[in-house]
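Please examine the sequence and the structure shown below before reading the numbered points.

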Amino acid sequence: MDVAISIPNDDAFVKYVESTWQIMDNQQDTAFTDKVKSLLGMTRQRLLMLSNNTDEEFKLRSIFKQFDLNNSGGISILELAAMLAKLGIVVDQKYIEAMHADIDTNRNGLIDFDEFANLVIYNPYK
Ligand SMILES: [Ca+2]
């Protein structure tokens with residue numbers, strides 16, 4: 001029996017492998033994104049608990065200040081990590097970075113109060 005007949009040519013094989021990997025990559029991306037979303041949702045819930053379920057600005061500001069450890073006016077990735085630890089959310093650094101990037105909508109490297117308030121007040125992570 002000639003085995004070569006059942007084996008596709010190299011090009012087809014490479015394409016097949018690439019498409020398989022592509023699918024796996026996409027699935028991993030989706031799983032990652034879902035995890036980040038659920039972590040953001042959880043963070044929001046815990047922040048709301050801290051504020052006694054009020055989204056009043058003065059309350060949010062006082063919570064925000066607690067987590068802006070160096071009083072820079074924004075929460076850095078390190079400060080976010082500390083905040084999550086305080087909220088009892090333990091995750092890998094890669095998730096913390098992805099969460100920070102998601103909240104930091106103006107991409108200045110810090111979660112400003114407005115961005116923080118957005119996270120707590122609006123819930124896009126249902
Ligand atoms: Ca920002």
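1. The model is predicted: local features require a pLDDT of at least 70, side-chain atom pairs count only at pLDDT 80 or more, and totals for chains, interfaces and linings use all residues. Residues are numbered from 1 along each chain as its sequence is written.

2. Helix α3 spans residues 77–86, and its buried residues are Leu-80, Met-83 and Leu-84. Here a residue is buried if 20 or more other C-beta atoms lie within 10 Å of its own, exposed if 12 or fewer, and partly exposed in between, with C-beta atoms placed from the backbone. Helices (H or I, at least four residues) and strands (E, at least two) are DSSP runs, numbered from the N terminus.

3. Viewed down the axis of α3, the buried residues fall within an arc of 100°, so they line one face of the helix. The arc is that of the directions from the helix axis to the C-beta atoms. An α-helix has 3.6 residues a turn, so residues three or four places apart point the same way.

4. The buried residues of α3 pack against α1 (10–50), α2 (57–67), β1 (74–75), α4 (93–103) and β2 (111–112); contact requires C-beta atoms, placed from the backbone, to lie within 7 Å. On the face turned away from the buried side, α3 carries the exposed residues Leu-78, Ala-85 and Lys-86.

5. Just after α3, Gly-88 adopts a positive phi of about 80°. Asn-71, in the loop between α2 and β1, is not a glycine, yet its phi is positive, near 55°.

Technical notes. Two residues are in contact if their C-beta atoms, placed from the backbone, lie within 7 Å.
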